Amino acid sequence: MAKILLVDNDPGFVNSARRVLENKGYEVMTAASGERALAVMRKEKPALVLLEIMMSYVLEGLDLLREMANDPTLKDIPVIVVTSLKGTKVKAAQPSEIYAAVDEWLQKPVSPDQLLERVEEMLKVKAA
Amino acid sequence: MIVQIKGKPEFIQIQWVPRYTTMERVVHWFHTATFTLLAITGMMLFFPFLQPLAQGQAGITFRLIHRVAAVIFGLVPIIYLIIQPRRFLMHIKEFLPKKEDIGWLKAVPAYYLMGKHEAMPPQGRFNAGEKLNGLITIIAWLVFGITGLPMWFGKGVIPPELFRWLVIFHDLAMIVSVSMFLVHFYLAVAHPLMWGALVNMRFGVTSVEYLAEHHTKWFYGPKRAMEIWEAKKRESVH
């Protein structure tokens with residue numbers, strides 16, 4: 001089964017998400033910081049990353065995305081943001097120096113079904 | 001802050017960042033309400049010129065309000081510790097002074113009085129002043145409890161000399177904490193640079209702009225925050 005990297009510094013969320021994914025047979029790795037996540041990604045090459053943006057500092061997740069985009073071995077790994085940051089969906093955005101692109105956005109709290117559905121969908125897209 | 005969803009014509013715009021949990025805000029406002037009641041009723045008994053107001057039935061009522069507020073004041077942090085021990089201990093750790101806090105102290109006159117933003121080193125989720133306020137609040141809470149309970153239940157039992165010292169320490173804790181409260185109140189409600197402080201504690205969220213300006217280290221991370229500060233300082237020289 002696919003390897004999934006869960007990047008979040010909230011042990012409560014990590015434990016419950018890990019349980020949900022492992023019950024479905026996924027191999028789950030975890031990292032509580034952007035720096036640790038990069039090290040795990042370079043070694044394990046996960047099929048998918050689930051990422052919280054706000055960790056030890058607010059933009060830590062976005063910094064990780066930037067590092068991934070600049071690394072040819074990591075830039076194609078799909079990323080689903082699962083975050084406590086509240087965002088508003090807009091059709092057009094003002095240019096911003098704080099910008100990142102991700103494959104999917106989920107707002108916490110996330111139900112196990114919703115999480116599994118998005119993970120399966122993303123892995124299918126990647127396989128195709 | 002903008003996040004684009006790849007392959008879709010839509011963006012996620014993030015304007016507000018959660019800064020305080022509901023529990024933190026409930027504790028803050030219960031603490032504020034009970035502290036205010038305790039300070040007002042306590043001062044009626046502390047200042048000789050106010051003591052005439054605390055005679056007879058009024059005095060009984062003030063003492064009753066002081067004791068009821070004291071019970072809630074004392075219990076609120078204990079309830080927080082029981083319900084969210086990890087978060088509570090994280091707070092205590094966050095309030096502990098660090099060497100870098102000296103930079104904030106040095107920058108206070110230039111930043112708060114002259115509005116020189118480049119003077120202020122990058123701050124975390126709590127700036128050093130907020131940490132100092134938090135630390136004094138915790139110490140005062142302990143002193144009020146240690147001195148107040150024997151003053152309430154030990155009158156006539158405790159040796160008079162010891163009772164006198166309890167009253168002195170209770171009063172000293174009041175003087176320090178009320179002074180800190182007034183500074184905190186002014187900064188949160190009226191100081192022109194702290195435009196987002198009250199919103200933070202009312203709604204639990206902070207605007208991205210306020211964070212980038214006041215809590216740079218928590219927003220951008222230590223490395224980027226230092227780069228931004230250095231650039232600001234260079235700009236102010238030219």
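Strand E1 (3–7), strand E2 (27–31) and helix H3 (60–69) of chain A are among what covers the buried residues of H2(A). This is a predicted model, where local features need pLDDT of at least 70, side-chain atom pairs count only at pLDDT 80 or more, and totals for chains, interfaces and linings use all residues. Residues are numbered from 1 along each chain as its sequence is written, while chains are lettered from A and ligands numbered from 1 in the order in which they are written.

**Helix H2 of chain A**

- Helices (H or I, at least four residues) and strands (E, at least two) are DSSP runs, numbered from the N terminus.
- In H2(A), residues 34–44, the buried residues are A:Gly34, A:Ala37 and A:Met41. Buried means 20 or more other C-beta atoms within 10 Å of the residue's own, exposed means 12 or fewer, and partly exposed is in between, with C-beta atoms placed from the backbone.
- Just after H2(A), A:Lys45 has a positive phi of about 45°.

**Where chains A and B meet**

- On chain B, 20 residues are in contact with 24 residues of chain A. Contact means C-beta atoms, placed from the backbone, within 7 Å.
- Strand E1 (2–5), strand E2 (11–18) and helix H9 (216–220) of chain B each give two or more residues to the side that touches chain A.
- E2(B) gives the largest share of that side, seven residues.
- By class, that side of chain B has 15 nonpolar, three polar and two charged residues. Here Ala, Val, Leu, Ile, Met, Phe, Trp, Tyr, Cys and Pro count as nonpolar, Asp, Glu, Lys and Arg as charged, and the others, Gly among them, as polar.
- Strand E5 of chain A (residues 86–90) pairs with E2(B) in the antiparallel sense over four bridges; pairing takes at least two DSSP bridges between the strands.

**A:Lys89, in strand E5**

- A:Lys89 is found in strand E5 of chain A, and its bridge partner in E2(B) is B:Ile12.
- Leaving out residues up to four places away in sequence, A:Lys89 touches B:Glu10 and B:Ile12.
- With 11 other C-beta atoms within 10 Å, A:Lys89 is exposed.

**B:Met44, in helix H1**

- B:Met44 lies in helix H1 (residues 22–46) of chain B and counts as buried, because it has 20 C-beta neighbours inside 10 Å.
- Beyond its neighbours within four places in sequence, B:Met44 is in contact with B:Leu50, B:Leu53, B:Ala54 and B:Phe62.

Conventions: Contact = placed C-beta atoms within 7 Å.
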